[in-house]
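Reader: I am new to this structure. Could you walk me through the terms used for it and show me what each one rests on?

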Amino acid sequence: MKKFAMVLFAASLIITTSCGKGKEAKEEEEGTDDQALQTSATTTATAPAAAQPAAAAAPADAATITGSVKFAGAAPAMPTIQMAADPYCQSQHTGAPPKDEEVVVGPGGELANVFVYLKSVPGTYPPPATPVVLDQHGCQYHPHAIALQVGQPLQIKNSDATLHNIHALPSINSQFNEGQPIQGMVSTKKFDKAEITPFRVKCDVHGWMKAFMAVMPNPFYSVTPENGTFTISGLPPGNYTIIAWHEKYGQQEQQITVAPKESKTVAFTFKG
């Protein structure tokens, strides 16, 4: 019995020692894994963010062109848009009825939605990373006239709780026709070629919806708001052709020379 007890004690001692060693090894292994995960997390957190395209810096001797676009004569009356075909669209205009935006003239003859840009500016200008937004709201496009640079993101948003589709009709870039059945949907597009003559954008669901869009090769352009003004800045000095284009009244152009750091004013007048 005494011999049996001694054997049993020895066996227990061996098992206890083994279990203790296993626990220490396990803790050491887990500690190594935790350290690896912490190192990985730190590396991820401190990784540098992806660089955004840098905007072209204006030259030190850059010039600025400001101006206005006006309409001569009595402004034509724009027809009321009939939206009864879609009760949701009609419900979004409980106040003043929506008007066609082909010709928008201010009280002093200011003409809105005119594309103003410079032709054949030398140099290469990277596109902005900030997207231009075309919104479908109240079953109309906002803005009605929109310009962006080659390669700049275009976000097309449906703010309405009804089906829209955006059907772009460029002649140089690829056309697209994309449905947006859900409120809040956003699609992002890019154009890879310049298309300075504006093209039409329409909705095949709502025939009254239309907008005009241009894709510019450089940042030297503007679209007139309701006050009919425009500003083009950061322009290298030189001789240029400045163009004003309106969807109904066509195109006008002027020759202009800007000296280093010069600010020059230009005026356009369209007649009905």
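This is a predicted model: local features need pLDDT of at least 70, side-chain atom pairs count only at pLDDT 80 or more; totals for chains, interfaces and linings use all residues.

Reader: What makes strand 2 and strand 14 a pair?

Author: Strands are DSSP runs of E with at least two residues, numbered from the N terminus. Two of them pair if DSSP finds at least two bridges between them. Strand 2 (residues 115-119) and strand 14 (residues 238-246) have five bridges in the antiparallel sense, so by the rule of at least two they pair. Within strand 14, Ala-244 is the bridge partner of Val-116.

Reader: Why are strand 4 and strand 9 said to stand at the edges?

Author: Strand 4 (140-142) and strand 9 (186-189) each have a single partner strand, so one side of each has no neighbour in the sheet. Their sheet is open too, with the order 4-3-6-9 and mixed pairing. Strand 3 (residues 132-137) runs antiparallel to strand 4, joined by three bridges, and His-137 stands opposite Gln-140 there.

Reader: What makes a group of residues a nonpolar core?

Author: The members are buried (under 20% relative accessible area, with a 1.4 Å probe and protein chains only). They are Ala, Val, Leu, Ile, Met, Phe, Trp, Tyr or Cys, joined through side-chain atoms within 4.5 Å. The largest such core here has 25 residues, and Ile-65, Leu-118 and Ile-242 have the most contacts inside it. Strand 1 gives the largest share, four residues.

Reader: How do you know that there is one cavity?

Author: On a 1 Å grid over the protein atoms alone, a cavity is a set of points where a 1.4 Å probe fits but cannot get out. Counting those of 30 Å³ or more gives one cavity. About 90 Å³ of space lies in the largest cavity, a volume being the space filled by probe spheres set on the points. Lining residues have an atom within 4 Å of a point; among them are Ile-81, Gln-140 and Trp-208.

Terms used
Residues are numbered from 1 along each chain as its sequence is written. Side-chain values use heavy atoms; hydrogens and water are left out. On a 1 Å grid over the protein atoms alone, a cavity is a set of points where a 1.4 Å probe fits but cannot get out, and a pocket is an open set with protein on both sides within 12 Å along at least five of seven lines; lining residues have an atom within 4 Å of a point. Buried means under 20% relative accessible area, exposed over 50%, partly exposed in between (1.4 Å probe, protein chains only).
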